[in-house]
Amino acid sequence: MAPQTACRSSGDPIPRTLLAPMSCRENLNWPLMRNNIQQTDIDALIHVLTPEVPILTQSSQVEAFEQEWSRWLDVRYSVFVNSGSSANLLTIAALKETYGTGEIIVPTLTWVSDIASVIHCGFKPVFVDINPRTLGMDTAQALKKIAPQTVAVFLTHILGYNGLDAKFVAELKERGVPLIEDVCESYGATFQGRKLGTFGLMSNFSFYYAHHMSTIEGGMICTDDPKLFETLRMLRSHGMVREARSAELRDSYSRRHPDLNPDFIFAFPAYNVRSTEMNAVIGRSQLKRLDENNKLRTDNLLLFLNNLDPDKYQTDFAVEGSCNYAFTLVLKHANPVFCERVMSTLRELGVEFRRGTSGGGNQLRQPYAKRLLGDTEFEKYPAVNHVHFYGFYIGNYPDLEREKILKLCSALNRLPLNEGPHA
Ligand SMILES: Cc1ncc(COP(=O)(O)O)c(C=O)c1O
């Protein structure tokens with residue numbers, strides 16, 4: 001066994017007991033997510049199922065969850081849907097209905113549904129590279145790509161890191177370009193002390209099992225704009241006018257379409273992406289412990305980054321205001337041999353991981369994007385290409401033991417960078 005390398009980063013030192021050589025066969029049993037739906041959530045679910053004639057389709061629980069979420073985030077309106085992808089789709093559809101089509105500036109590192117929503121709604125996606133410290137879009141590049149045909153910038157806050165900066169927010173405002181925030185991976189994170197998801201015209205959240213909290217499947221769209229709120233509510237339910245909150249809006253449609261039954265006026269050719277009372281009741285139960293869990297996650301991330309060897313791994317992420325449900329493990333150098341060592345060590349230790357970080361890395365390498373933009377476009381984005389091959393995420397859940405985090409850092413730090421035998 002190679003000699004131990006002491007931790008060279010600042011922050012919590014690794015206790016001496018954990019620096020003892022660790023058997024490669026020790027299984028840390030560390031999944032991407034654990035225990036994200038708990039007995040209290042199941043109890044809440046059972047409670048909603050017990051009345052003699054339970055109402056389970058979208059009703060008062062959904063409405064209560066939307067209101068509680070709006071209060072938590074500090075926005076005026078929230079619309080609960082059946083996934084984060086549906087939140088993406090409805091947001092961009094509402095944008096199209098309000099602003100018309102054109103170009104939307106998007107990051108190369110994001111989830112496929114962000115780009116799919118842009119394409120499906122008839123916009124042209126204009127890609128930008130990433131900022132390695134936030135993993136979000138390179139905001140300077142995004143500003144440079146704004147053109148007369150730009151309708152919006154659709155930014156994703158990656159794996160808990162804030163992707164905004166003051167210049168970017170100010171310049172978008174000054175130039176009148178709407179910002180849409182995808183906060184599916186980052187809720188609870190802040191910029192200048194304010195929660196992400198409150199800066200954009202609209203923002204998106206996902207409650208998939210592996211995220212900060214879960215409604216099994218689910219998503220939320222948030223906005224302060226009353227007109228967009230009505231449009232989103234209609235788009236969620238087939239485009240039906242009766243879903244609008246405003247009686248005035250509903251009446252104006254009825255007056256203009258006297259030949260139609262007011263119950264069946266379809267303002268938009270839309271979708272059904274509603275969720276159910278069962279998902280909402282789980283969300284309401286989960287929301288009660290979100291802040292507490294997020295604090296634990298933030299402590300975990302700092303412990304992880306502070307104990308990684310900064311000569312081998314990137315440790316200078318933009319942690320201020322961050323709130324991650326996954327640790328980002330990005331190799332400092334493009335070294336395929338070292339990368340193989342890292343992956344086999346994670347496997348040996350039973351640490352589940354995903355290569356490429358969010359969404360599997362550079363979206364432009366995906367078959368759908370190559371069909372759209374050609375086979376070589378992906379080459380133009382070096383920062384995301386590094387993360388595509390040498391970036392990983394691993395789980396960060398509230399009851400993840402500190403001891404496991406330190407053991408993993410110790411094992412990763414011991415790996416040699418050179419071509420020598422596996423340590
Ligand atoms: C950034 C981002 N946006 C959107 C989504 C889609 O969310 P969902 O899985 O709930 O459809 C995800 C999924 O993980 C995501 O990471």
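Predicted model: local features only at pLDDT ≥ 70, side-chain atom pairs only at ≥ 80, totals over all residues.
Residues are numbered from 1 along each chain as its sequence is written, and side-chain values use heavy atoms, with hydrogens and water left out.

**View 1. The shell around the ligand.** The ligand is surrounded by 15 residues, the closest being G84, S85, D182, E185 and S206; a residue is near a molecule if one of its heavy atoms lies within 4 Å of it. By class, the shell comprises three nonpolar, nine polar and three charged residues. In this classification Ala, Val, Leu, Ile, Met, Phe, Trp, Tyr, Cys and Pro are nonpolar, Asp, Glu, Lys and Arg are charged, and the others, Gly among them, are polar.

View 2. An N or O atom in the side chain of E185 lies 2.6 Å from an oxygen atom of the ligand. For S206, the corresponding distance between a side-chain N or O atom and a ligand oxygen is 2.7 Å. A polar side-chain atom of H211 is 3.1 Å from an oxygen atom of the ligand. A polar contact is a pair of N or O atoms within 3.5 Å; within protein, one atom must be able to donate a hydrogen and the other to accept it, and residues adjacent in sequence count only if both atoms are side-chain atoms. Taken alone, the ligand exposes 390 Å², of which the protein buries 92%. Accessible areas come from the Shrake-Rupley method with a 1.4 Å probe, and for residues only the protein chains shown count as cover.

The ligand sits in the largest pocket. A pocket is defined on a 1 Å grid over the protein atoms alone, as an open set of points where a 1.4 Å probe fits, with protein on both sides within 12 Å along at least five of seven lines; lining residues have an atom within 4 Å of a point. A molecule sits in a pocket if more than half of its atoms lie within 2 Å of its grid points. The elements that give two or more residues to the shell are α3 (84-99) and α4 (112-120), and α3 supplies the largest share, three residues. Helices (H or I, at least four residues) and strands (E, at least two) are DSSP runs numbered from the N terminus.

View 3. R236 belongs to helix α7, residues 226-236. R236 is classed as buried because its relative accessibility is 1%; buried means under 20% relative accessible area, exposed over 50%, and partly exposed in between, with a 1.4 Å probe and protein chains only. The side chains of R236 and E66 are joined by a polar contact of 2.8 Å.

**View 4. Residue pairs across the chain.** Q314 is located in the loop between α9 (277-306) and β10 (326-330). With a relative accessible area of 10%, Q314 is buried. Although Q314 and R133 are 181 residues apart along the chain, 8.8 Å separates their C-alpha atoms. V337 is placed in helix α10, residues 336-348, and is partly exposed at 32% relative accessibility. From V337 to N418 the C-alpha distance is 8.2 Å, across 81 residues in sequence.

View 5. P262 is in the loop between α8 (247-256) and α9. The C-alpha atoms of P262 and D225 are 25 Å apart, with the two residues 37 apart in sequence. V118 lies in helix α4 and is buried, at 0% relative accessibility. Between V118 and N131, 13 residues apart along the chain, the C-alpha separation is 22 Å.

View 6. N29, a residue other than glycine, has a positive phi near 45°. N29 falls in the segment before α1 (39-49) and is exposed, with a relative accessible area of 56%. L159, likewise a residue other than glycine, has a positive phi near 40°. L159 lies in the loop between β4 (150-156) and α6 (166-175), and is buried at 1% relative accessibility.
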